[in-house]
Amino acid sequence: AGVMHADRGYLKNTGFDDDLEAGEYVFLEVADTGCGMDDETKAKIFEPFFTTKFTGRGMGMSAVLGILRSHRGAINIDTCPGHGTTIRVLFPVSGRGEGQTNIPSAPASSVGDSHSGTVLIVDDEESVRKTASLMLKKLGFNALQAVDGEDGVRKYREYQSRIDGVLLDLTMPRLDGKACLRELQRINSDVRVILSSGYTEQEVSQQFAGRTLAGFIQKPYRLHKLEKVLKGALANG
């Protein structure tokens, strides 16, 4: 990890440049000594569900790309068959000068003062569930957790009368977000589901054409963003 100056020539050669501005970037570089990738494989690694491994994988790099785009970052991939792979991700430096350590505080929370109820968190990552649960409790909600889509359907069926809304991950084993949403709407056509993903909303919207969502929130998210999405999704609840 480190800080580097990236000029336009360097940025144009990274993946998905999007006319990024030259300047100082924080970078994280990871390298391995594995089998490497040929040009055909390298060209497909950001495609949703593309994988050289078994079925059920292939979303990790797509999520990385969504996070990079939301932060105006870039990614550089150096790989060759038989010679391993080196991946460098870059994020623009915030511009905060040295000695300026004051961090703007998040907008004051109001949900906890005006709303109570239970939100079901459906996500296969324990760290995400725990973090979301803490945020929800800070906002005044009770949090119920499900470890994957199948567990989410079971929990919703069991506690439906207590659940005000569902915070649903997109990519999960056994039953993904799309299939889980379909099952939840079979139980209750008015279920309020907020989709959560590393993708941008535009990138996932086509997958949910014809399916009503109460909201969308892109990972990683902060407390005030979750508050805003919840207020919109549950306003008429």
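Visitor: Which strand does Val26 lie in?

Guide: This is a predicted model. In it, Val26 belongs to strand β2, residues 23–32. Val26 is partly exposed, at a relative accessible area of 39%. Together with Val3 and Val93, Val26 forms a nonpolar patch on the surface, and the three share about 230 Å² of accessible area.

Visitor: How many salt bridges are found in the whole structure?

Guide: Side chains of opposite charge can pair when their charged atoms come close. The search finds ten salt bridges here. One of them joins Lys130 and Glu126, at 3.2 Å from N to O. Both residues lie in helix α5, four residues apart, about one turn of the helix.

Visitor: Are Lys219 and Asp169, which also form a salt bridge, buried or exposed?

Guide: Their side chains meet at 3.0 Å, N to O. Lys219 lies in the loop between β9 and α9 while Asp169 is in strand β7, so the pair ties together parts that are 50 residues apart in sequence. Lys219 is buried, with 14% relative accessible area. Asp169 is buried too, at 4%. Salt bridges with shared partners link Asp123, Asp169 and Lys219 into one network.

Visitor: Which residues line the largest cavity?

Guide: The lining consists of Ile121, Val122, Asp123, Val128, Ala132, Leu167, Leu168, Asp169, Ser196, Lys219 and Tyr221. By class, seven are nonpolar, one is polar and three are charged. The cavity holds about 30 Å³ of space.

Visitor: Which element gives the most to that lining?

Guide: Strand β7 does, with three residues. β5, α5 and β7 each supply at least two.

Conventions
Residues numbered from 1 in each chain as written. Predicted model: local features only at pLDDT ≥ 70, side-chain atom pairs only at ≥ 80, totals over all residues. Heavy atoms only, no water. 1 Å grid on protein atoms, 1.4 Å probe; cavity = no way out; pocket = protein on both sides within 12 Å on 5 of 7 lines; lining within 4 Å. Points joined across faces, edges and corners; volume = space filled by probe spheres on them. Nonpolar A, V, L, I, M, F, W, Y, C, P; charged D, E, K, R; others polar. Patch = residues over 30% accessible without salt bridge, like charges linked within 9 Å, V, L, I, M, F, W, Y side chains within 5 Å. Areas by Shrake-Rupley, 256 points an atom, 1.4 Å probe, with all protein chains shown as cover. Salt bridge = Lys/Arg side-chain N within 4 Å of Asp/Glu carboxyl O. Buried < 20%, exposed > 50% of the residue type's maximum accessible area, 1.4 Å probe, protein only.
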